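Dear colleague,

Please find the structure below, handed over for your records. My notes on what was found in it follow directly after.

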Amino acid sequence: MKTRTLNFGLYADDEGLAWAGRLVDEAVASRGARLVGKSVVRTVGDGGLPTAELYDFLAEQWAWEHPGQDSGAREPVHLKVRLVCSLRTWRAIRKAVLRSLCPEGSAPHACRVPWFAA
């Protein structure tokens, strides 16, 4: 088994981050992978690029999907998840998390937490 990483950009407040974290935990547990680290960071890369700049489009998406509503304490963040698992399991977990973050339906809808899979 190899250590693999999942990376997500999120526009969330504390409640939204907790919800997204639970989605990850459920996907990992249901597929028998081992979670070795989960962190929320506000800068990414060697140069320390602020997530506010990297994921600014997520704030715009939220504003477009929720016209006239206050964004509250939401902010663009980067969720980094480290797992020990096979490549097949990593792919299954990633797919499950993405499906859970914003389930597709036949009607127009807005994601609870705007996201980007990095």
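D25 counts as partly exposed, at 33% relative accessibility; here buried means under 20% relative accessible area, exposed over 50%, and partly exposed in between, with a 1.4 Å probe and protein chains only. D25 forms a salt bridge with K38, and their closest N and O atoms are 2.7 Å apart. A salt bridge is taken as a side-chain nitrogen of Lys or Arg within 4 Å of a carboxyl oxygen of Asp or Glu. The pair connects distant parts of the chain, with D25 in helix α1 and K38 in strand β2, 13 residues apart. K38 is likewise partly exposed, at 35% relative accessibility.

Please note that this is a predicted model, in which local features need pLDDT of at least 70 and side-chain atom pairs count only at pLDDT 80 or more, while totals for chains, interfaces and linings use all residues. Residues are numbered from 1 along each chain as its sequence is written, and side-chain values use heavy atoms, with hydrogens and water left out. Helices (H or I, at least four residues) and strands (E, at least two) are DSSP runs, numbered from the N terminus.

The search of the whole structure found three salt bridges. One of them joins E75 to R42, with the closest N and O atoms 2.9 Å apart. Because E75 lies in strand β5 and R42 in the loop between β2 and β3 (43–44), this pair ties together parts that are 33 residues apart in sequence. E75 is partly exposed, with a relative accessible area of 30%, and R42 is partly exposed at 40%. R112 forms a salt bridge with E15, the closest N and O atoms being 3.6 Å apart. R112 sits in the loop between α4 and β6 and E15 in helix α1, so the pair ties together parts 97 residues apart in sequence. R112 counts as partly exposed at 42% relative accessibility, whereas E15 counts as exposed at 56%.

Turning to the fold, an open sheet of four strands has the order β2-β5-β1-β6, with antiparallel pairing; two strands pair if DSSP finds at least two bridges between them. Its edge strands are β2 (34–41) and β6 (115–117), each pairing on one side only. Strand β1 (residues 2–12) and β6 run antiparallel and are joined by three bridges; the bridge partner of F8 in β6 is A117. Helix α1 (residues 14–30) packs on the sheet and touches β1, β2 and β5 (75–85), its direction making about 160° with that of β2. Helix α4 (residues 87–101) also packs on the sheet, touching β1, β5 and β6, and its direction makes about 10° with that of β1. Contact means heavy atoms within 4.5 Å; axes are lines fitted to C-alpha atoms, for helices over the stretch in contact, and angles run from 0 to 180 degrees between N-to-C directions.

Finally, there are four aromatic pairs, where rings of Phe, Tyr and Trp (its six-membered ring) pair if their centres lie within 6.5 Å, and planes under 30 degrees apart count as stacked, over 60 as edge-to-face and the rest as tilted. Y55 and F57 form an edge-to-face pair, 6.4 Å centre to centre with 70° between the planes. Y55 and F116 have ring centres 6.2 Å apart and planes at 50°, so this pair is tilted. Ring pairs link Y55, F57 and F116 into a cluster. Y55 is buried, with a relative accessible area of 2%, whereas F116 is partly exposed at 37%.
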